[in-house]
Each structure stands twice: as C-alpha cells, then as structure tokens.
Amino acid sequence: MKILGLTSQNQASLLKVIILALIATTAIGSRLFSIVRFESVIHEFDPWFNFRTTKHLVANGFYEFWNWFDDRSWYPLGRVVGGTVFPGIMTTSAVIYNVLHAVNFPVDIRNVCVFLAPVFSSITAYAAYLFTCEIKDSSAGLLAAAFIGVAPGYISRSVAGSYDNEGIAIFLLMFTFYLWIKAVKIGSAYWGALTALFYFYMVAAWGGYVFIINLIPLHVLVLVLMGRFSSRLYVAYSSFYVLGTLMSMQIPFVGFQPTRTSEHMAALGIFGLLQIIAFVELVRSHLSSNQFQILFKGFIVLSFVLMFSALVLLTAAGYIAPWTGRFYSLWDTGYAKKHIPIIASVSEHQPTAWPSFFFDLEMLVFLFPAGIYICFKELRDEHVFVILYGITASYFAGVMVRLMLTLTPIVCVTAAVTVSKLLDTYMDLSTLDTTDLSSNTQTTKDEKAKKDGGPSSKKPGDNAKSEDKKTTKKKDNNNHWGVYGIDTRLIVLSNFLFLLFIFAWHCTWVTSGAYSSPSIVLASRTQDGNQFIIDDFREAYYWLRKNTDYNSKVMSWWDYGYQISGMADRTTLVDNNTWNNTHIATVGKAMASNEDTAYEIMRRHDVDYVLIIFGGLLAYSGDDINKFLWMVRIAEGVYPNDVQESKFFNARGEYRVDSEASPTMRNSIMYKMSYHNYNELFNGQGVDRVRGAKLPPGNVKLHTLEEAYTTDNWIVRIYKVKPLDNLGRTLEQAAAFEEGKKRRAKSKRRGNN
Amino acid sequence: MLLFYFLFLLALTLVSAGVKEASFIVPQTWKNLNLLRTVDLTTPIVREVTAFVAFNTGDDPSKEYYFPVSEERDKHLAWISANERKTTVNFEVEKAGFDTENRVQFYKISFNRLVDAQEKITVEVKTVFTHILKPIPHEIPQNGKQYLLYIGNLYASNAYFSEKQRTIVNLPSPQLLSYTTVPEVTTKNDKQITYGFFNNTQAYIHEPLSIHYPYQKAILRIKSLRRELEVSHWGGNLAVEETFDLINDGARLQGQFSRLEYQRTQYFPQSESIAAHLLSIIFPPGAADAYYRDEIGNVSTSNFRNEPNRSVFEFKPRYPLFGGWNYTWYHGYNLPLNKFLRYHEGKERFYFNAKFIERWPDVVTDKIVVKLILPEGARDVQVHLPFKVRKQSHGIHKTYLDTIGRYLVTIEAYNFVDEHVQDFQVSYAYDSDELFRKPLSASTFFLGLFLLSAIYSRMEFNIKYKKTEDLKEGKVDGEEGKGR
C-alpha cells in the first residue's frame, strides 16, 4: 500500500516521527499551565538556589563557579557551593544559554531555567520510547512515550519553572537504562561506555544516581544467579562500571564516595564477582569438570568470605562510611522521626499515602502488574531489568513520597507494554474468523488510530519482521484461545479507548489543579470570579532587597533560606541545604525561646532582621506556627536542656495558640512575632483563621524586636532586631521606661484638658 | 621627589591663578526698569520665572543680556530658557563665563534683534531647579506631616541695577510653618506671598528668604531611567521598554513600618501619609501589550487602559513607598510605527520622531539613557536633539537572528524635568532589500539544520557487519539462557 509514494516502512517511520513530535509538544504544552496562569517564574524553594547558582555560573564562568565560596548563606559559616552541589542542571542551562547567545538569540537566563524541565520532559518521552522499543516494539514505545509525557507523577517535578535536578534527571535515568539494556543486548564496550557517559551526567545532575549504581549491579547479579552470565554481560558491566566510577569521581560533591561509602559497595562487589566468574569460566574451559567442581566451590566460598570480611573491617576501621540517615529511613520508615527530625520534617520525605499512587498514575497503576507479568512471560535479559526496576522502585515509592518520581517511568513502560499487548491481541486481523467482518474492524481500527494518537496503526508495518513468527504463534494459540467475535473486540477496545481518554483527562486535571502552582504566588478568586493574586512573598522579599542594607543578615526558618538569598539577595543563617544540623537547631532554639534568650542568640549571630510566615489572617496553612513543633524538635535534639517539646503543649497535651496555650509557647518569640499587633487589627479580639482559634486578649509586646515590615495580607512579617540600649539598660527596662513616659505624657495631656 | 611636589604645587597655584584671571565681568550696559520674579513651590521642582523690562543704557545697540545663577543653584539647574514676553519668541541661551568674585555663573541671552540705545525690551527667563527643597524635619512618623524648607534669595538674581522689583511665591497650601517677613512689603494672601516692591536694588543683591511649608505628597525622584526604543520595519512596530529606579525623596520614615497603622489609615484619607502607593504613567495613544515586571518577576497590581489620545498605565509598587524607600521595575509596550516614522521620497531617508521621555509630572529624573535600536542595515544615521545632552554614542546591537547587528544610538542625559519632554529626531537611510536579510538568514539557518540532520541520519557510526553478528549471537544466547 503506497501513500504519498512512500513504502509502508517509510510511512511507518514518518508516522512515528510525527507522533513523537506530537507527544513532545503535548509534554511541553501540559507543563505550561503555571506560565499561562501566572508567569514565567522560578517555583518553590530549591529551584531558587539552582537559579541563583546558574546566574552566578553564567555571569562568572565555570571555574569561578567551581571555586565559589558563598559567604551570603549559612552566616557566619558560609558554604562551599562548588563542592556541595550537583552541577548538572546549572551547567546544562549555562550551555544552552551560551549556545543561544552565540547564535544571537538573547534569551533571558530565567527563561532558559524556567523552560528547561518541560523541554527535557519531551526528550524523556523519546528516551522512554527507545527504552520500550527494546522491551517490546515501537508501538509499545510510542504508548510509553505518550504515557510518560503526561503522567502526573513526573509532571509534578517538571512543570515550567520547577527548575530542579529531577527535571533533567529522569531523562538521564531513562536514557542510561536504555543504553544499559542496549549494551547488555549487544555486549559492546561502545554502548557500555555510552552508558557510563550518561551515568556520569546523571551523577552530575542528581543524588538519585545511587539508584542506577545499585540497580544495574542488581540486574547483573540476578542474571548471573539465573545462569545467564555471558561475555556480553561481562563486557557491558565492566566497561560501564570502570568508566562510570572514574567519571563520577570527577564531581567534587561525589569525590571518593564510590570507593568509600556503603551505597556504592554493591556495584564494586558485583564488579569483583564478575571478574571471578569470568576467571572461573576461563579455568573451566581448560579443566575437567570434576576438578573444576571442587576448585569452583572452594574459590567462591573463599572469595566471598574474604570480600565480606574486608568490607566489614574497612567499615569498622572507618574507611568505608556506613549508610547515611536518609538511606536508613528508606528501610525503616520510623528511623528518621526518632533520630533525625530534620529529614522527617520535610513533607516529601514522608511515606506515601495510597491515594497518591492513583492520583499520580491513574490507570497505569493497574496496568503496571500486568506489564510485569508480561515481562515474566518473555523474560529476556531486559525484561529481568524491567522487573527488578519495577519491584525496587515501587518499594521506594511506598517509603518516600518524592520517590514516586523514579517509579513513574517504569510504570509508564510496563503499562505501555500491557496496552500494546492488548491492542495487538484484539486488533490482530489474522485471528478474525469471518472475512466479511474484517472491513468493519478495519474502520474501527482507523478510527482508533486517529483518536489515541494512532500507535497501533503502524503495527502491521512495524511488526513486519516478526510477522511470520507471530502468525505461527497465533495459530498455535488459536487452538486454545482466541478472539473470534467482532463484538468482543469492540467491547474491549472501546473500554480501553475510554480508559485512555479518562487517563488523558485525569492527567490534565491533576496537572492543572495540583502541580501548576509556583507556591511563591498564591491565587484565589474574588466573588465576581476574577483571579486575585496574592503576592506577599515577593512583596516582602523585594522590600528587603531594595530597602535594607546589602549586608543585612536575615534569620528565618530554613525553608525560606533559598528564597531569601535568591529573591531578596540578603545573607541568611540557614537554608534548604540542611548540611549543618546544629546551626539549624540554633535558629530553632532562637525561635522557640523567650525574648531575652533569643536576643542573645540573635546578637551573637549578627542578625538584623527576622522573617516569619504567618497565615492567620488569610488561612494560609503552611505557616511557621504550624511548622513550629518541628523547630522545637530539631532544637531539642541539639539543646535538650534549653528546649523541651513537652513545654509547648498545655496541661492537656494540646498544641494551642489561644488562651489555653502553654506559657512557654506564649513567651516564645515565634508566637509573639506572629501575633504582634494582630489583636488590634480586629479591635481587640483577633481570630487565627488557620487554627480557628480566638487569641487571648491584650497586646503582644516585644521589647527586643520591632516590626519592620508586614505584607499586605500579613503572610510575611519581618522584624528588626533592636540595637543595644544606649544607656546600658536591658531592652526590657528601656521599653518599660518608654512605655511609662508615654503613659505619663498621655495622662498629663488628659490632665491639662 | 620633594622637588616634584613643589613643582606640582607651583603649577597648581598658577592654574588656579589663571582661573581667577579669567573671572567674568558683565558690562553694565543694561538696567531693569521693572522686574517681577515668581517662585513656584507647588511642586517639588522649583520653577522661577523672572520677567523684566530691560533698558539699554549703553551707547550702542545691543542684543546680549547676561543672566546670573549663583554657583550653589547652578548645580541644581535643570532648565533655563528665555523668551520675549509679548511675542513669546524664544531667545537663545548659552552658558557664559563664571564670576569668581560673586561665585556666579552667567548665562548669555541673545535677543533675536538688536535693541537700540535707550530702548527697552520685555523678557521672561524661566529657570527650573531640582533638589533644592529639603524636608525638615528630616524624619517623620508613618502618618506624620511633611514640611519642606525653601531657602533662596529675597531678590531676583540679576547682574544689573533694577529700579523696581517684586517677588511672588506660590505655595501648595495656605498653611505655613514659618516664612521670612520684611516689614511693610510682605503680604500673604491664601496660597501666595508677595515681597515688594523694592526700589532701586543693586546688581547681585542677596537677602536670605526662607519658607517652611507643609507638603503632604511623595517627592519622587528617578535615580536612573533606561529607555529602549526598538524600531522594526518588519512588524511595523515600535517596542518600548523602560527600566526605572525610583526613590521617595521625602522625609524619611521614622522608626519602622507598621502595617496595622497603614491599613487603618487607608480608611481615613485626611490622615494620609506621604507614601506613594499608586503611581500612574502616561503612554502615547495606541500603546498595546503593556507589561510590568521587576527583578523577581511579574507584578500583578497594574491597570492599563487606552484612551482616545493617550494610554494610561496605573500601577502599584509591591509595597508603599515611604520616604527614603527605593523601588525598581521595568515596563514595556508596543506602538504602531507609522505614527513615528516618515519616509522622505526625495531624500530617500527615513525620519523617526519620538518623545525623548514620556511626561511624568513633578518627577525629577537624575539620569536617563535612551537607546534607539534601528533596523539591521540602517546607515547614514543622523541625530537631532532639541537640547544639549551629556553623551551620545553609536554602536551595534545584536538580537534575534541578526547577522551584522542593528544600529544602536545611545543618548545619555542628566537632571531631567518636564520641560525636557520634547521630540527628538533620527534620520537614516535604509534599503528595501534589507528587509529580506532576516528571512534569508532564518531560512539559511534552518536549511543548515536540516542538512546536518540529513547528513547525520545517513552516517553510520557502527561497525555494521559486527553488529548484526553480535545481535544474532545475542539472540541465540538469550534463547539458550531461557532454555537452561
């Protein structure tokens, strides 16, 4: 059949290109909700740091960035940025920026950063296509590309403006895995080296590279245990591991970790094991089987014992670092809460609630096991990989919300395999018994092809190679089961068509509703339906940026550190790079203490301004009073004598802010700063709308701090730390004296009247 | 070493002596029969208009009259112009010598005709000063009253003898904190104070005049303004982008800002603070696609509307601007080019006319940089400015898909006031085939891209023979593995 003078193979590849282009456009398009609704702006917290470092990189060049010591964060400690950062995303944007400028395309660096994740998501779709092509065929590949293009689990981390490592890391993950499968299939050092190269890029981009460096050895181990050791596997893994490890050690943040930490030991062990097995294979080819049996067993046991004891000894001697806290929390979900409150305090480190699986993956979550089952049926090397990936990733996704991200690609792939298998079965014309009905099916098929992007329409061309094999298979199958009636086909196909529609609809709905808010800008609707923008964060940050001294130090809870340094351009004490728990605990202690203790801490750290988030007026629930218990807990972890969590609960064990709040709570500066002047706004009886509490009557008085700025909706409140009193009094005495003077003046005036 | 030092000192004294030598003496060939000076204090920009009847006392016809501005004031002089009162014909004004004795800078006014001996002419000189009003007290509370102090000369500054003169001060409000009174010749009348008549006053006479008056509005000053005008023949579009760095120059905020008090006073207009919370700028008519952003993104609090002969852009800064507070932002809009660009058939040149700066009343601009980007391939560029500027330079600006870059004219000026809001003209030659440069370069770019991809897809990077063999082997291996 010739259309446009092309052979059916060319038609198929033309269609594939067009469909992939459409998928890429859809993938980008569905991530632009936030831009259409709001603006081209960097979202949330971490992206602001990435954006700031990217600007630094673009402005000062790579070497300056590499050696950058940032003295404007973690005051007074500072931070060695070049050595504590995954530079992949910044370098990628800087390269794109410089290339565009070299061809006279003066695109703003902000726009490069904002659009990086959507553009990479379209490339991820292509990577998923390639990966799935290796698993099944290109029609499954196209389905997988379409799924991953719109799957909310991935969109959640890659909308326009969400300029974070994950934005490019998922592409790298998929592409590295594709290359790995290819390398194992072909057994070529070239593909192994390519895998290593992209693994290196992944190491540069995201801490999640540990997943790759553990999953690939696991794959190798399982293959070996299945008795599938081959020279292909040996070549692929050896070239990948050696090159990949050497390259990954070039990243300063990673450094010697691949040889010294437990997370990387599995890869090293498997590498050793492969060498031994290869050696054994060599010996076997030269020895008789009886001798060999004895030698083999002795050798395996000996080497295993030796390696394991070496590992234990080195760990005990401190050469190999034991697992870090974040990894322990992967095995024991309660670990972090007990030992490292700072990890537990991050909402994305919480275990996943089951509805979020459905929310993020919709019908794919049901198709996922089916896909795994299909993989078991075929069980080539790459299918083993898919199964392992699926099992490990679903465990991790259950443990930590944010790891849903690594699960999404494999769910898309397996679901695509399932759907494609189903379509193959139900649309295969060769099993249709009546010839006169075939024309009917043809039309349904065409319709369907039009509707769901048409992955199935190329099936005949694609599968040309395997056609004969399949038909014979099908004929065999026909003896046992088969789809004979057109009605059965129609029911199943229309059902799935419906499900696909619902999937697309669900994805769009989730993306637009849940994942497209920049979180630095809030939106609400006025009564007449117009959008009303609440822009308090930027109001406060811009005020700081323009009206305070450039060297002012701003104290805030670490959540806002990156935003303050990015938007307000002021020095912060702690930020989202939570590398120093003590420092964070000190800030927590200051927030949780009474004014005089806090004043001492703030003076010692040269704090000029204190910034807090208060949602009471606008019912914004993510405010500091709601996070306060975490501050207390983290502070208690370091200063157990000064801060006790129990004191912040009242006698009945409740965490309250109204008149039943505990005295320690009411004396803490966090409480005071939140509710300073708040009662007066309501003429005496303030109501906290987040916690639904009536505040105790009376004014909240501060004597060591003074209100410097409060935003329009009171969300951000900035206080200035008062200087020491000129007359050497304590600030409390000074405030009392001023108060008395005022009162006297007032009474005098009244007396005169 | 010491010797050099002495030589240097010697040279310095010689030079300064040389300057002193050159002190300017005004020939006393005029006297003023009647002089009326009006000081306008209703805006933060002080405008002084001196109208006088000049009488030629010399023997020869003359057309040169010298107008003095004290050294202190000259630093803040933003504008000076002179015209004949009746005909309103403008006279040429240029900077003349400096009198080191009286510390006075002279401006030479050249009349458009010779005035005969014993004849007279009625002239009006307008001077505009910025930064001479001081908010006293320097700091006020959030809702406090702001007072400005004007310190000046009771008499008109003049280089000639005056028979009769009078000074009128116009005020923004009738209340006053204090003002200079001269017995018998001072009259205060609602929003006006009159001093005079003074009879037979000498040249350069100076008597301090101070007026301390309330002014309950923000005193806005643009620290710097960058204006970019981009002419596009292709789109028939003039794209304008303006970057502002603004400060409220009024009395500083005492203590800290209280949102509570601010929100309370929003309902009581009588106690309004001097904070600027709503600004408005006028754009030319037909402006479209306005945007308003600052360094950290879009600001949503703005309102833009088109009116028949202007477009109004009202916007709120992110925070109210109290005294001493800064704010920066940029905004931009598009205009139809045909209103600004004319083609002269005979000369085969394009003439571009636009306002140097859009009028923002009562706001001083300390520094302004106007960048005019002409289309790629424009040549023979000539710039005609209505007034003198500090600096003018020509260069290249490269942007989207440019090959040789666009012609860039940069004009830098300082101390700008309303009086400067005038048209400037730039003319240039532009060949019509330059229009094809862009599509050509764009299509070449894409052709190159397609060619590259075509070549790439036909290249084979694998060692093909081996690959197929490996593949086969792999398949067999796989089957075997399954079997085992």
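Modeller: First, a term: two strands pair if DSSP finds at least two bridges between them. Helices (H or I, at least four residues) and strands (E, at least two) are DSSP runs, numbered from the N terminus. This is a predicted model, where local features need pLDDT of at least 70 and side-chain atom pairs count only at pLDDT 80 or more, while totals for chains, interfaces and linings use all residues. Residues are numbered from 1 along each chain as written, chains are lettered from A and ligands numbered from 1 in written order, and side-chain values use heavy atoms, without hydrogens and water.

Biologist: Which residue in E30(B) stands opposite Leu372(B)?
Modeller: Strand E27 (residues 364–376) of chain B pairs with E30(B) in the antiparallel sense, over 10 bridges. In E30(B), the residue opposite Leu372(B) is Val409(B).

Biologist: What is the bridge partner of Ile396(B) in E30(B)?
Modeller: Strand E29 (residues 391–397) of chain B also pairs with E30(B), antiparallel over 7 bridges. Strands of a sheet pair through backbone hydrogen bonds, either parallel or antiparallel. For Ile396(B), the partner in E30(B) is Tyr407(B).

Biologist: How many residues of strand E30 of chain B are buried?
Modeller: Buried means under 20% relative accessible area, exposed over 50%, and partly exposed in between (1.4 Å probe, protein chains only). E30(B) spans residues 406–416 and is mostly covered. Its buried count is 9 of 11.

Biologist: Which residue in E7(B) stands opposite Trp79(B)?
Modeller: Strand E4 (residues 77–84) of chain B is mostly covered, with 8 of its 8 residues buried. E4(B) pairs with strand E7 (residues 120–129) of chain B, antiparallel over 7 bridges. Opposite Trp79(B) stands Val128(B).

Biologist: Which residue takes a positive phi in the hairpin of E4(B) and E5(B)?
Modeller: E4(B) and strand E5 (residues 90–99) of chain B run antiparallel, joined by 2 bridges. Asn83(B) has Asn90(B) as its bridge partner in E5(B). Between the strands of this hairpin are 5 residues, and the positive phi, near 50°, belongs to Thr88(B).

Biologist: Why does Leu449(B) count as partly exposed?
Modeller: Leu449(B) lies in helix H4 (residues 437–458) of chain B. Leu449(B) counts as partly exposed because its relative accessibility is 43%.

Biologist: Which strands are at the edges of the open sheet in chain A?
Modeller: The open sheet has 5 strands in the order E6-E5-E7-E11-E10 (chain A), with mixed pairing. Within it, strand E5 (residues 553–555) and strand E7 (residues 609–613) of chain A run parallel, joined by 2 bridges. Val554(A) stands opposite Tyr609(A) in E7(A). Each edge strand pairs on one side only: strand E6 (571–572) and strand E10 (705–710) of chain A.

Biologist: Where in chain A is the pLDDT below 50?
Modeller: pLDDT is the predictor's confidence in each residue, from 0 to 100. Chain A has a mean of 83, and 88% of its residues reach 70 or more. The stretch below 50 has 49 contacts (heavy atoms within 4.5 Å) beyond near neighbours in sequence. That stretch is residues 434–480.

Biologist: What share of the residues in chain A is buried?
Modeller: Chain A has 35 helices and 11 strands. Of its contacts with a separation of 6 or more, 71% join residues 24 or more positions apart. Among its 753 residues, the buried share is 54%.
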